Amino acid sequence: MIIGTELLNGRRTDSHFSFLNAQLVQRGWIHKANFVIKDDPDFLHDIFTLILNDPDSVMFSFGGIGSTPDDFTREVASKAFTGKSAVRHLEAEKIIIDRLKERAYPHPIKMADIPESAKLIENPFNKMPGFQLQDRFFFVPGFPEMAHPMCENILDVYYPQNQIKHHVNFVAHCGEAMLIDIMEALDSAVELSCLPSFDGEKRHAEIYLAHSDSAFLASQLHFFKTKMREKNINFTLIST
């Protein structure tokens, strides 16, 4: 979840997606979705609710946890994830006061108002903490220099490594329609994607197959290659 009207109106460019995607892929996790949304509390609540309704979801939310009038994340997250308004977190309050002294008032101190039962996320850049709920929902600043080290630490602690999936890529030198019956005959346990392309003269289809069991994946690849040969379809292996 990347929150920032400035991304959608072109004032800033995003770096969170590429960073987090690389972290998840190298650790073997599935990146299921990416949302880039404007600073709109109703819309934000709807997206939080969507994510919460997925029992297997883990969320990284970037931005909107500051103290300016367009920072809605803390209060909306409280309502969406706990059904209650934000409350003052005493440890966060102390961190903010220790860091800013008299400058903590009247506005920066509001950053200590977070969902009830939230735990703090340490910010090694300037000490201003993020927060997390249920060891699944993580809220960090929008600044990459703060957020990215925080996310790496979160992943190291809670989600260091998943089971790596084996994969294979190849390009079939035909239109995707010629491959549909083969793809439908694959075992449903195999992760599959098909990316068609056209080079100006001929159609091609890049096929991606993945599974945690390398021997099983090899058997499915052998099946796919055999069926292509039966149809006289040429193909080029990209990677295994």
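**A guided look at helices, strands and loops**

Guide: Let us start with helix H3: the cover over its buried residues includes strand S1 (2–3), strand S2 (36–37), strand S3 (59–62), helix H4 (73–82) and strand S8 (137–140). Contact here means heavy atoms within 4.5 Å. This is a predicted model, in which local features need pLDDT of at least 70 and side-chain atom pairs count only at pLDDT 80 or more, while totals for chains, interfaces and linings use all residues. Residues are numbered from 1 along each chain as its sequence is written, and side-chain values use heavy atoms, with hydrogens and water left out.

Visitor: What makes a run of residues a helix or a strand?

Guide: Both are DSSP runs, numbered from the N terminus: a helix is a run of H or I with at least four residues, and a strand is a run of E with at least two. H3, residues 41–52, has twelve residues.

Visitor: How does the reach of H3 compare with what is expected?

Guide: The expected span is 1.5 Å times one less than the number of residues. For H3 that gives 16 Å, and the helix reaches 16 Å from its first C-alpha to its last, so by this definition the two values are close.

Visitor: Which residues of H3 are called buried?

Guide: They are Leu-44, Ile-47, Phe-48 and Ile-51. Buried means under 20% relative accessible area, exposed means over 50%, and partly exposed lies in between (1.4 Å probe, protein chains only).

Visitor: Why do you say that the buried residues of H3 line one face?

Guide: Seen down the axis of H3, they fall within an arc of 100 degrees, so they line one face of the helix. The arc is that of the directions from the helix axis to the C-beta atoms.

Visitor: What caps the N-terminal end of H3?

Guide: Asp-40 does, with a side-chain oxygen 3.0 Å from the backbone nitrogen of Asp-42. A polar contact is a pair of N or O atoms within 3.5 Å; within protein, one must be able to donate a hydrogen and the other to accept it, and residues adjacent in sequence count only if both atoms are side-chain atoms.

Visitor: What do the buried residues of H6 pack against?

Guide: They pack against helix H2 (16–26), S3, S6, S7 and S8. Among the buried residues of H6 are Met-146, His-148 and Cys-151.

Visitor: Why is His-89 called buried?

Guide: Its relative accessible area is 18%, so His-89 falls under the 20% limit and counts as buried. His-89 sits in the loop between strand S4 (87–88) and H5. Leaving aside neighbours within four places in sequence, His-89 is in contact with Ala-112, Ile-114, Ala-118 and Leu-120.

Visitor: Is Ser-117 buried or exposed, and how do you know?

Guide: Ser-117 has 63% relative accessibility, which is over 50%, so it counts as exposed. It lies in the loop between S5 and strand S6 (119–121).

Visitor: What makes the phi of Ser-117 worth a remark?

Guide: Most residues other than glycine have a negative phi, and most peptide bonds are trans. Ser-117 has a positive phi of about 75 degrees although it is not a glycine, and Lys-127 also has a positive phi of about 75 degrees without being a glycine. There is a cis peptide bond as well, joining Tyr-105 and Pro-106, with omega about 5 degrees.

Visitor: How do you know that S9 and S11 pair?

Guide: Two strands pair if DSSP finds at least two bridges between them. S9 (residues 166–172) and S11 (residues 203–211) have seven, so they count as paired, in the antiparallel sense. Along this pair, Ala-172 stands opposite Ala-205 and His-166 stands opposite His-211.

Visitor: What is the order of the strands in the open sheet?

Guide: The four strands run S10-S11-S9-S12, with antiparallel pairing. S10 (191–198) and S12 (235–239) are the edge strands, each pairing on one side only.

Visitor: Why is S9 described as largely enclosed?

Guide: Five of its seven residues are buried, so S9 is largely enclosed by the rest of the structure.
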